[in-house]
Amino acid sequence: MAGRLLSLEQDFLSGPTMANVLGAIQQRYACRRFVAGRPPSDDELVSLIEAARLAPSAFGLEPWRFLTVIDAAQRAELARACFGQPAAATAPAFITIVALVDALEPDSDYVRARFEAEARGGPVAPLHEMYRAFYRAEAIAAWAQGQCHFAAAHLLLQAAHLGLGSCPIGGFDAAALARALRLPPGETPALVIALGHCADTMPKRVRKPRAD
Ligand SMILES: Cc1cc2nc3c(=O)[nH]c(=O)nc-3n(C[C@H](O)[C@H](O)[C@H](O)COP(=O)(O)O)c2cc1C
């Protein structure tokens, strides 16, 4: 046990390695300028979405969808919806996490299907009743977006693990972005993630000290 703790401590102290989750956390930074013409490979995109898909969500509702954009014309539309920010203007690929807001209505087919799955063959009604009360009390659109941010964190860390650059982008015109992504009513963009190979080196990390 003491040996195990010692080796964990060495992991923490030895600085970033890509062999552990903390290594990916330490390597990740918001990349604001990407190498042109080098999007993530198809396999990398699949693994990013797989990491996001496995994120936890309250009630197991997974209120998200992941939309990949590589096409140049659609990327330009996305970049405009993100106010032309440098990360968006230079990224060769995007994955946008979309919040499924209307699907969260307690009597929707979506909620029924998710609860059937989440109950794993057990009774669905108690979970459903608890959720009805929760839904009445909650600002559901904001809540759904919060859930999507868990998926985003998974995706960002997998990108770091793969050596890809990434930038989460919350600064966008939601209506313009919904149009660019051809979203149906009842779905809203939660976060755009710019992806590719970073053209900049990692800036100095800025964080509050642990004691704060
Ligand atoms: C929800 C969210 C929204 C963000 N929106 C933007 C954005 O619109 N544009 C941008 O350049 N960076 C954006 N960022 C990146 C942050 O500015 C960045 O994570 C923060 O400054 C810390 O730097 P680091 O990620 O390099 O450690 C966002 C980050 C998060 C978590």
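**Close-up views of a predicted model**

**View 1. The pairing of β3 with β4.** Strands β3 and β4 run antiparallel and are joined by five bridges. Within this pair, I169 stands opposite V192 of β4. The coordinates shown here and in the views that follow belong to a predicted model.

**View 2. The open sheet.** The sheet is built from four strands in the order β1-β2-β4-β3, is open, and has antiparallel pairing. Because β1 (64–69) and β3 (165–169) stand at the edges with a single partner strand each, one side of each is left without a neighbour in the sheet. On average, neighbouring strands of the sheet are turned by 25° against each other, direction ignored.

**View 3. The pairing of β1 with β2.** Six bridges connect β1 to strand β2 (residues 93–100), and the two pair in the antiparallel sense. L67 is found opposite T96 in β2.

**View 4. The pairing of β2 with β4.** Eight bridges link β2 and β4, again in the antiparallel sense. One of the residues involved is V98, whose bridge partner in β4 is P189. Of the ten residues in β4, nine are buried, and the strand is thus mostly covered.

**View 5. Helices on the sheet.** Helix α4 (residues 72–81) lies across β1, β2 and β4 (187–196). The direction of α4 is at about 120° to β1. Helix α8 (residues 140–161) also packs on the sheet, where it touches β1, β2, β3 and β4. The direction of α8 makes about 15° with that of β4.

**View 6. The shell around the ligand.** Which residues surround the ligand? The shell consists of Y29, A30, R32, Q85, A87, C167, P168, I169, G170, G171 and L191. With three residues, β3 gives the most to this shell. By class, the shell divides into seven nonpolar residues, three polar residues and one charged residue.

View 7. V111, R114 and F115 are buried in helix α6 (residues 109–119). These residues lie on the same side of α6, because the arc they cover around the axis is only 100°. An α-helix has 3.6 residues a turn, so residues three or four places apart point the same way. D109, A113 and A117 are exposed on the other side of α6. The partner against which the buried residues of α6 pack is α7 (125–137). Just after α6, R120 adopts a positive phi of about 50°.

**View 8. The protein chain as a whole.** The protein chain contains nine helices and four strands, which follow the pattern α-α-α-β-α-α-β-α-α-α-β-α-β along the sequence. Taken along the principal axes, the C-alpha atoms of the protein chain fill a box of roughly 55 × 50 × 35 Å. Of the 212 residues in the protein chain, 31% are buried. Among contacts with a separation of 6 or more, 80% are between residues 24 or more positions apart.

Technical notes: Residues are numbered from 1 along each chain as its sequence is written. This is a predicted model: local features need pLDDT of at least 70, side-chain atom pairs count only at pLDDT 80 or more; totals for chains, interfaces and linings use all residues. Two strands pair if DSSP finds at least two bridges between them. Axes are lines fitted to C-alpha atoms, for helices over the stretch in contact, and angles run from 0 to 180 degrees between N-to-C directions. Two residues are in contact if their C-beta atoms, placed from the backbone, lie within 7 Å. A residue is near a molecule or strand if its C-beta atom, placed from the backbone, lies within 6 Å of it. Ala, Val, Leu, Ile, Met, Phe, Trp, Tyr, Cys and Pro count as nonpolar, Asp, Glu, Lys and Arg as charged, and the others, Gly among them, as polar. A residue is buried if 20 or more other C-beta atoms lie within 10 Å of its own, exposed if 12 or fewer, and partly exposed in between; C-beta atoms are placed from the backbone. The arc is that of the directions from the helix axis to the C-beta atoms.
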